[in-house]
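Me: I would like a close look at one part of this model, with the cut-offs spelled out as you go.
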Amino acid sequence: MPSASDSASWTEVPCMQMRGGTSKGLYFLADDLPDDPAQRDRLLLRLMGSPDRRQIDGLGGAHPLTSKVAVVSAGRDENGDSDGSVDYLFLQVSVDQAIVSDRQNCGNILAGVAPFALERGIVPITGDTTTVRINLLNSNSATLATVETPNGTVRYTGDTAIVGVPGTAAGITLEYRDVAGGTTGALFPTGTALDTFRLAEHGPMPTRVEATCIDNGMPVVVLDASAFGLNGDETVEELEADTDLRGSIEELRLKAGRSMGLGDVTEATVPKICLVSPAQSGGDFSTRCFIPHRVHEAIGVFAAASVGAAWRIPGTVLARRAHSSRPGDPNDDAAALVVEHPTGQTTIVVETDGDQVTRTASVSTARKLMDGMTFAETEG
């Protein structure tokens with residue numbers, strides 16, 4: 001802690017660090033951060049230690065999955081009174097660039113929002129379980145999160161396991177509302193389930209690629225891994241080391257971003273790119289996701305929801321390429337899809353009616369890691 005002699009030159013900010021799903025981030029009350037977004041972002045960059053690939057002088061974990069922020073406040077009705085819900089703004093803090101982005105959701109960090117809100121007293125605990133309505137400000141959608149709260153406290157221990165997190169913890173049920181088209185305005189923002197993009201030459205990579213641009217909680221471009229000469233079982237390290245592949249993927253991402261109505265996405269974290277292939281370990285299909293420049297060790301919750309919708313709806317790249325027959329019947333009782341990724345499997349529930357998504361849900365976990373003050377030099 002700064003000494004008394006220089007305390008005037010430091011800003012103290014109450015902060016809770018939490019693991020949410022397979023990510024880790026800093027959780028703040030909105031009132032504890034500057035109102036001005038530019039000033040807020042400068043503060044968050046300093047607290048995380050960005051830009052620096054190691055984030056050695058901040059709280060970031062030197063990876064996009066551990067350089068995330070949740071800004072939480074009480075939801076308000078049209079009269080400005082608390083309506084019993086919680087507002088959640090997600091911010092992705094770049095590791096090696098001075099960029100803070102609000103252009104995407106994060107379903108992993110979302111898992112910690114209800115526990116944080118209950119810990120801070122934004123909403124009351126109501127019984128052995130408490131359901132919290134969370135308003136996702138990034139996409140103007142909502143989620144109902146049900147948390148275990150026996151004896152008036154948030155329970156973090158339990159027997160729910162998720163791939164990518166050691167051990168088990170208390171399960172948190174997340175029921176997503178109105179996420180289809182939440183960022184772009186449409187489930188298929190280009191107006192079709194299948195697009196074709198022409199690309200420049202990048203070594204052996206293709207110059208004509210079919211893609212499905214979809215937004216069921218996260219703008220994602222779904223590609224057939226085999227179109228790039230991949231089996232779908234490549235490691236994260238192999239994919240990140242392939243400069244021709246990365247060049248082709250980034251060119252396609254920039255073109256798809258414009259086609260999806262996102263404009264110039266050069267410095268944006270969306271759309272994500274997801275390479276899909278047939279399942280190899282008993283799941284429904286396999287994935288490798290660029291987020292957008294690093295490869296995800298697993299798959300994000302909302303990315304899984306978007307790719308899952310592509311599995312359910314005929315005519316997409318995933319339906320036509322990665323599955324040998326028609327995708328899962330929307331009326332099938334087995335609404336849960338098992339998505340394979342580099343470190344295991346993720347389960348996501350996606351139900352559809354024709355080409356419309358009717359339900360998206362998942363089960364996750366979270367854990368409080370630290371609660372206290374974080375420090376940065378005072379501006380000016």
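Is Asp-77 buried, partly exposed or exposed?

Reply: Asp-77 is partly exposed, because its relative accessibility is 31% and the class covers what lies between buried (under 20% relative accessible area) and exposed (over 50%), with a 1.4 Å probe and protein chains only. This is a predicted model, in which local features need pLDDT of at least 70 and side-chain atom pairs count only at pLDDT 80 or more, while totals for chains, interfaces and linings use all residues. Residues are numbered from 1 along each chain as its sequence is written, and side-chain values use heavy atoms, with hydrogens and water left out.

Asp-77 sits in the loop between strand E3 (68-76) and strand E4 (82-93), where strands are DSSP runs of E with at least two residues, numbered from the N terminus. Together with Glu-78, Asp-81 and Asp-83, Asp-77 forms a negative surface patch; patch members have over 30% relative accessible area and no salt bridge, and like charges are joined within 9 Å.

The C-alpha atoms of Arg-155 and Gly-171, which are 16 residues apart along the chain, are separated by 9.3 Å.

By contrast, Cys-15 is buried, at 0% relative accessible area, and Cys-289 is likewise buried, at 4% relative accessibility.

Definitions and conventions. Patch = residues over 30% accessible without salt bridge, like charges linked within 9 Å, V, L, I, M, F, W, Y side chains within 5 Å. Areas by Shrake-Rupley, 256 points an atom, 1.4 Å probe, with all protein chains shown as cover. Salt bridge = Lys/Arg side-chain N within 4 Å of Asp/Glu carboxyl O. Lys, Arg positive; Asp, Glu negative; His and termini not counted. Charge placed at Lys NZ, Arg CZ, Asp CG, Glu CD. Helix = DSSP H or I, 4+ residues; strand = E, 2+ residues; numbered from the N terminus.
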